[in-house]
Amino acid sequence: MFPLRDVSMRVQGIRLQGHDEMAVKLLCWELEQHLNSSSGASVVAIDNKIEQAMDLVKSHLMYAVREEVEVLKEQIKELIERNSQLEQENTLLKTLASPEQMAQFQAQVQTGSPPAPQTAAPSGPPSAAGLAQPASHSAGPSA
C-alpha cells in the first residue's frame, strides 16, 4: 500500500471541478481518518476508497485527453485545408509566371538567396493579377 500523501500529490496535479473535486477531497479526508485509526478490518475499506479515488482521477484524465484529441483533430483539419489552398495558389502562380520569372525563381531557390526587390511592384506579396500583367506584356501577340 502507498502513503496517502502520494495519492493527494497525484490528485493535486489534476484539474478537478465542482462536485468531483469535492468528492476527491472527501475521499482523501476519509482515507486520512482511516489511516489514523487503521485496524485490520479497515484496510479493506481504505483500499476500496483508494480504488474509487483512482477511478475518479482516471475518468478525469480520460476526459481531458479526449478533449485534447478533439482540439488536435480540428487543428489538423484546418492545416490540411490551408495546405490545399496554398498548393492551389502555388499552381496558379506558376502558370501565370513568365518563363523569365520562373528561371529567376529557380535560381534563387538553388542559391538560397532572398528574392530580388522589384522596384515597380507594390509592397507585399504579389497577386495573381500582378504576375499576369508582366506575362501578357512580354509574351508575343495579344489576343
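Q: How many helices and how many strands are there in the chain?
A: In this predicted model, local features need pLDDT of at least 70 and side-chain atom pairs count only at pLDDT 80 or more, while totals for chains, interfaces and linings use all residues. Residues are numbered from 1 along each chain as its sequence is written, and side-chain values use heavy atoms, with hydrogens and water left out. Helices (H or I, at least four residues) and strands (E, at least two) are DSSP runs, numbered from the N terminus. From that end the elements run α-α-α-α-α, and the count for the chain is 5 helices and 0 strands.

Q: What share of the 143 residues in the chain is buried?
A: Buried means under 20% relative accessible area, exposed means over 50%, and partly exposed lies in between (1.4 Å probe, protein chains only). For the 143 residues of the chain, the buried share is 15%.

Q: Is glutamine 33 buried, partly exposed or exposed?
A: Glutamine 33 has its place in helix 2, which covers residues 18-36. Because its relative accessibility is 37%, glutamine 33 counts as partly exposed.

Q: How far apart in space are glutamine 33 and isoleucine 46, C-alpha to C-alpha?
A: In sequence, glutamine 33 and isoleucine 46 are 13 residues apart. In space, from C-alpha to C-alpha, their separation is 9.7 Å.

Q: Which residue just after helix 4 takes a positive phi?
A: Helix 4 has 13 residues, 99-111, and reaches 18 Å from its first C-alpha to its last. Just after helix 4, a positive phi of about 75 degrees is taken by glycine 112.

Methods:
Expected span 1.5 Å × (residues − 1).
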